[in-house]
Amino acid sequence: MTPDLMKAGAQTRVERERRVVPDVLSGGRQASYGRRHEPGSLDLSHGVILYLDDITVSFDGFKALNALNLTIGTGELRCIIGPNGAGKTTLMDVITGKTRPDLGRASFGSTIDLLSLRENEIASIGIGRKFQKPTVFEQLSVFENLELALKADRGVRASMFFRLGGEQLDRIGAMLELIHLKDSAQRNAGLLSHGQKQWLEIGMLLMQDPKLLLLDEPVAGMTDEETERTAELFLSLEGSHSLVVVEHDMKFIGELTQGGRNGKKVTVLHEGSVLAEGSLAEVQANDKVVEVYLGR
Ligand SMILES: Nc1ncnc2c1ncn2[C@@H]1O[C@H](COP(=O)(O)OP(=O)(O)OP(=O)(O)O)[C@@H](O)[C@H]1O
Ligand SMILES: [Mg+2]
């Protein structure tokens with residue numbers, strides 16, 4: 001990341017508190033792209049949705065992340081692989097505000113300093129996260145789960161009196177199609193297969209219209225067919241959403257990288273840092289990657 005951008009990201013909060021609309025994009029220079037943005041608004045004019053710069057996370061002296069640098073493009077579908085303990089989940093913890101790094105900087109777009117925000121604030125500005133275990137409301141129907149997700153930002157009281165309008169019903173209908181659960185709309189979520197629960201949870205995340213989706217081992221425990229459908233689903237989101245997918249299932253990674261847009265990158269994490277980054281073929285041919293991960 002350029003020093004300009006990092007500095008801009010770090011300054012956002014200070015500027016917001018001063019109630020000044022900063023010309024953060026040009027870093028003070030008179031650049032052609034020096035449009036003004038509302039404080040705290042998501043600025044994607046550089047084509048980058050997430051910057052992580054020199055992120056270090058230590059647990060009792062052990063560095064789970066070690067000066068990690070990562071940049072995710074807007075609309076990109078990025079796969080992250082790496083051995084157990086490489087720091088993949090910790091990386092998602094940092095992006096979502098669950099874990100604070102000891103060092104480094106993180107920005108959402110080029111202006112929003114993620115490290116100055118709380119977990120709920122990060123979720124509300126458009127970063128959605130899917131944990132490995134599905135967390136749907138088992139006693140409610142599939143439809144009701146999506147309905148709840150749609151109302152989630154209204155607060156409990158407002159939700160109680162909120163009635164779905166035609167537009168919202170259409171959104172839920174479209175989501176049911178997208179996640180292949182149209183025929184199960186009235187079933188209790190507890191009766192769904194593991195894979196269907198995963199899809200429902202992804203649907204619930206999407207109802208909140210996140211710009212960036214973080215998916216930690218989304219196909220663990222899925223059948224081959226469910227895994228293939230999940231790859232199709234993620235590929236259909238590419239472009240309109242930015243996705244970071246962590247997986248050990250290399251067949252799934254293959255499906256994700258072969259479909260959709262060309263030039264997809266895979267990042268290999270090892271001991272808290274990026275060991276390699278490139279096309280799947282490139283990282284598979286990398287001797288260091290074979291040694292620490294793929295060749296096992
Ligand atoms: N809260 C914590 N306290 C202490 N150590 C932790 C904590 N969270 C993670 N770690 C350690 O940090 C390292 C990275 O863990 P992390 O869960 O990020 O790995 P991962 O790449 O997601 O692995 P896996 O593929 O097994 O899910 C591991 O050695 C782990 O034991
Ligand atoms: Mg993990």
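Q: What does the secondary structure of the protein come to?
A: Eleven helices and ten strands. Helices (H or I, at least four residues) and strands (E, at least two) are DSSP runs, numbered from the N terminus. Keep in mind that this is a predicted model: local features need pLDDT of at least 70, side-chain atom pairs count only at pLDDT 80 or more, and totals for chains, interfaces and linings use all residues. Residues are numbered from 1 along each chain as its sequence is written, while chains are lettered from A and ligands numbered from 1 in the order in which they are written.

Q: How many of the residues in the protein are buried, as a percentage?
A: A residue counts as buried if 20 or more other C-beta atoms lie within 10 Å of its own, exposed if 12 or fewer, and partly exposed in between, with C-beta atoms placed from the backbone. Here, buried residues make up 39% of the 296.

Q: Which residues have the most contacts inside the largest nonpolar core?
A: In soluble globular proteins, nonpolar side chains tend to be buried together. A nonpolar core is a set of buried Ala, Val, Leu, Ile, Met, Phe, Trp, Tyr and Cys residues joined through C-beta atoms within 7 Å. The largest one here has 51 residues, and L50, I95, L214, V245, L256 and V268 have the most contacts inside it. Strand 1 (residues 48–59) gives the most to this core, with seven residues. Apart from it there's another core, of 18 residues, including L146 and L200.

Q: What is L256 in contact with, leaving aside its neighbours within four places in sequence?
A: Two residues are in contact if their C-beta atoms, placed from the backbone, lie within 7 Å. For L256 the list is L77, C79, A231, F234, L235 and V245.

Q: In what order do the six strands of the open sheet come?
A: Two strands pair if DSSP finds at least two bridges between them. The order is 6-7-8-3-9-10, and the pairing is mixed. Strand 6 and strand 10 (273–278) stand at the edges, each with a single partner strand, so one side of each has no neighbour in the sheet. Strand 6 pairs with strand 7 (residues 212–216) in the parallel sense over four bridges, and I127 has L212 as its bridge partner. Strand 9 (residues 266–270) and strand 10 pair in the antiparallel sense over five bridges, with L269 opposite V274.

Q: Which way do the residues of strand 6 point?
A: In a regular strand the side chains alternate between the two faces of the sheet. From strand 6, I127 and R129 point one way, G128 and K130 the other, and all are buried.

Q: Is helix 7 mostly covered or uncovered?
A: Mostly covered: twelve of its 14 residues are buried. Strand 6 (127–130), helix 4 (142–151), helix 6 (166–178) and helix 8 (224–237) are among what covers them. Just after helix 7, D209 takes a positive phi of about 55°.

Q: At what angle do helix 8 and helix 9 pack?
A: Two packed helices are described by the angle between their axes and the distance between the axes. Axes are lines fitted to C-alpha atoms, for helices over the stretch in contact, and angles run from 0 to 180 degrees between N-to-C directions. Helix 8 and helix 9 (residues 250–258) pack at about 35°, with axes 9 Å apart. T227, E228, A231, F234 and L235 in helix 8 meet F252, E255 and L256 in helix 9.
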